[in-house]
Amino acid sequence: MFKRHKSLASERKKELSSHGATRSTLKNDMRNFHFLSQLILSAGPLKSIPAVKHSKTAHFEVEILDAHTRKQICIVDKVTQTSTIHDVKQKFHKACPKWYPSRIGLQLERGGPFLKDYVTIQSVAASSIVTLYFTDLGQQVSWTTVFLAEYTGPLLIYLLFYLRIPYIYDMKECSRRLRHPVVHLACFCHCMHYIRYLLETLFVHKVSAGHTPLKNLIKGCVFYWGFTSWMAYYINHPRYTPPSFGNRQITVSAINFLETMPVFQVQIITRSHGCFSWFRVLTTPMRLDHGLVSQS
């Protein structure tokens, strides 16, 4: 009996000790929780991490085929949506150096119009693969080069005839005959006409950045240079005779020249404001010295 009471007492002590340990554990957990909550509150509100957006840029592949044989020449890859036909021509030139950009003509269809350089790939693309047809435009020259060549030639050619070099006229006949004053006036008007054209081409007019086939340069030079040679030969010839109506015809033609040529046109050219013009005058495509020497 005594042993039984002793065992019950020992079990009771064990329960009390375990209960005390549990209470101490709960107290420690409460302290830890309180400390953690205070730490979180002092840290402030949690900031959400922004989601990283991955921008996907669409790229195109441009397949370039020969317009005549339909054979593939090259493939231009990694072409963005904002890329233009000019950008494609630049990459095509890197792949095929023998064709420079101004010589490359690209079409959507065989026999169709050539695409302008400012057209974007996105505007002509029906899928991620764009097929363009290539045509060799031949040797190209800039429009500025065309105008300078057309206007420089007549200026120099006329002066050669005006100086009466021995390879053109008979020097004995030139020494015997004096020039009529209208010949000097015609030379002055002719030179002023083409000098003005050259200055306007260089400093006034905004010439297109495009190109034209070399044959157009040859055609323009043949016309301007040939017409100037034909006209200057007769005007500066030793046997030249003045206009049939004399000084009256010369005066009327000189006044007409001053009215048609904007000699008094004031042009201010600045890089920031462009070109401004005052004194609007009439301009015609007439040959300025032609009226001074004949009325044909």
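**How we know what we say**

Author: Over residues 141–161 the chain is 90% helix and 10% strand, and the end C-alpha atoms are 29 Å apart. Helices (H or I, at least four residues) and strands (E, at least two) are DSSP runs, numbered from the N terminus. This is a predicted model, where local features need pLDDT of at least 70 and side-chain atom pairs count only at pLDDT 80 or more, while totals for chains, interfaces and linings use all residues. Residues are numbered from 1 along each chain as its sequence is written, and side-chain values use heavy atoms, leaving out hydrogens and water.

Reader: What makes the link between the side chains of Thr212 and Asn216 a polar contact?

Author: A polar contact is a pair of N or O atoms within 3.5 Å; within protein, one must be able to donate a hydrogen and the other to accept it, and residues adjacent in sequence count only if both atoms are side-chain atoms. The Thr212–Asn216 contact is 2.6 Å.

Reader: How do you know that strands S1 and S4 pair, and how many bridges join them?

Author: Pairing requires at least two bridges found by DSSP between two strands. Strand S1 (residues 59–66) and strand S4 (residues 129–136) run parallel and are joined by 6 bridges. Val62, for example, has Val130 in S4 as its bridge partner.
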